[in-house]
Amino acid sequence: MLISVFSSSRKAWRQGIFAAVAVGILCCAFLIWKHGLSPMVLLGLVPAAALVGFARLRAMMTAQEEHLRLLAILYNDLEPQRFIEQYEPICSKKMSEECQRATAAHLANGYAYGGDSPKALELISSLPMPQGKKELGTRLLIAGNRCTYHLLAQDAAAAREEHAEMVRLLEQAKAEKCKISPNYERTRRMNEVQLNLLENKPVDVSILREELAARSNQLHKALCRYLLAWSYAQAGKRTEARGVLKEVLSLKGSVILLQRARELDERLKAEK
C-alpha cells in the first residue's frame, strides 16, 4: 500500500483515526451514562471501528489518486524528466515489496523512455525477487522490460536474448498452469514486432492495430503508431507511413519515441 508514501494520504488517514477515536470515546461515554459499566459499553466501539475502515479506504483512494497523477506525467504528458524528478523520491520510501517492484518498474520506464536505457536496465534488474507463486511473474516482468529497454536503445542482439528468456518463461507458466497477467503476452507480442522491425523482418501490422485500439494511455498509443509507421515504411508504403507519423509528431513531450519518429519522417522526406 502507498498510504504512507504521500502526505495527502497520510493526512487523510490521521484525520480518520482521530475522528474514529473521538466517536468511540463519545459513544462509550454515552453508554456508560445510560447503562453504567456493563458489556453494553463495548457497542460504542462499533461505529469507531466502522470509521477506521472508512478512513483506511479514504486514505487508499487518496494515495491512488496521487499515484495516478504522477504516472500521468509519463504515460499521458510524455514528460519523462519531469516524471523522474517527482516520482523518484517516493521510490526510496518504506513500502511493501510488491509496491517496491511496481514503483521501480514505473521509474525504470521513465528512464528508458527518456533515453537512458542503461539506468532503466539497472533499476529493473535490481527488483526484489519474491518467493513462491509471485516469482515467475516477477521474472517475466524483468525479462519483458529488459527486452523493451534494449529495443529502445536499438540493441537487437541483447533484446533478442531477453525476448527468448520471456518466451521460455511464458512456456514454463503454461506448462505449470500458473495464473499470470495477460499483459505479459501483450508485452511479448509488442517486443517481437519491434524486434522484427529492428532486424528488418516482416511484421504483422494487425497486432499493432489491435494494440492501438486496446491501449488507453498516450505513451503506448504513440509506440503503436510509431511502430506502425515504421512497418509501413519498411514495406515501401511512404504515404501511409507519413500519415501515421503525422499523428505521432502532433504530440507534445520529450519521450525518445518522438525523436525516433522525427528521424523516420526525415528519412522518408529524403527518399522523395
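Which residues lie nearest the centre of the largest pocket? They are Leu 141, Asn 145, Asn 183, Tyr 184 and Thr 187. This is a predicted model: local features need pLDDT of at least 70, side-chain atom pairs count only at pLDDT 80 or more, and totals for chains, interfaces and linings use all residues. Residues are numbered from 1 along each chain as its sequence is written, and side-chain values use heavy atoms, with hydrogens and water left out.

**The largest pocket**

- The largest pocket has a volume of about 1400 Å³. A pocket is an open set of points on a 1 Å grid over the protein atoms alone, with protein on both sides within 12 Å along at least five of seven lines. A volume is the space filled by probe spheres set on the points, and grid points are joined across faces, edges and corners.
- The lining of the largest pocket comprises 40 residues. Lining residues have an atom within 4 Å of a point.
- Helices H2 (45-75), H4 (97-113), H6 (134-152), H8 (183-198) and H10 (218-234) each supply at least two residues of this lining. Helices are DSSP runs (H or I, at least four residues), numbered from the N terminus.
- H6 gives the most to the lining of the largest pocket, with 9 residues.
- By class, the lining of the largest pocket holds 17 nonpolar, 16 polar and 7 charged residues. Ala, Val, Leu, Ile, Met, Phe, Trp, Tyr, Cys and Pro count as nonpolar, Asp, Glu, Lys and Arg as charged, and the others, Gly among them, as polar.

**The cavity**

- The count comes to 1 cavity of 30 Å³ or more. A cavity is a set of points where a 1.4 Å probe fits but cannot get out.
- The largest cavity holds about 50 Å³ of space.
- Its lining is made of Leu 151, Leu 152, Gln 154, Gln 194, Tyr 226, Trp 230, Leu 257 and Arg 260. H6, H10 and helix H12 (256-270) are the elements that give two or more residues to this lining.
- The lining of the largest cavity divides into 5 nonpolar, 2 polar and 1 charged residues.

- Gln 194 sits in helix H8. Gln 194 is buried, at a relative accessible area of 6%. Buried means under 20% relative accessible area, exposed over 50%, and partly exposed in between (1.4 Å probe, protein chains only).
- Setting aside residues up to four places away in sequence, Gln 194 touches Leu 151, Leu 152, Leu 223, Leu 227 and Trp 230. Contact means heavy atoms within 4.5 Å.
- Gln 154 lies in the loop between H6 and helix H7 (156-175). Gln 154 is partly exposed, with a relative accessible area of 44%.
- Gln 154 has a positive phi of about 60°, though it is not a glycine. Most residues other than glycine have a negative phi.

- Helix H11 (residues 238-249) has 12 residues. From its first C-alpha to its last, H11 reaches 16 Å, close to the 16 Å expected at 1.5 Å a residue. The expected span is 1.5 Å times one less than the number of residues.
- Ala 241, Val 244, Leu 245 and Val 248 are buried in H11. Seen down the axis of H11, its buried residues fall within an arc of 105°, so they line one face of the helix. The arc is that of the directions from the helix axis to the C-beta atoms.
- Thr 239 and Lys 246 are exposed on the other side of H11.
- H10 and H12 are what the buried residues of H11 pack against.
- Buried residues of H12 include Leu 257, Arg 260 and Asp 265. Their cover includes H4, H6, H10 and H11.

- Val 255 lies in the loop between H11 and H12. Val 255 is buried, with a relative accessible area of 2%.
- Val 255 and Tyr 113 are 142 residues apart in sequence, yet 5.2 Å apart in space, C-alpha to C-alpha. Beyond its neighbours within four places in sequence, Val 255 contacts Leu 78, Pro 80, Tyr 113 and Leu 219.
- Asn 200 is in the loop between H8 and helix H9 (205-214). Asn 200 is exposed, at 60% relative accessibility, and has a positive phi of about 60° although it is not a glycine.
- Ala 59 is in helix H2 and counts as buried, at 0% relative accessibility.
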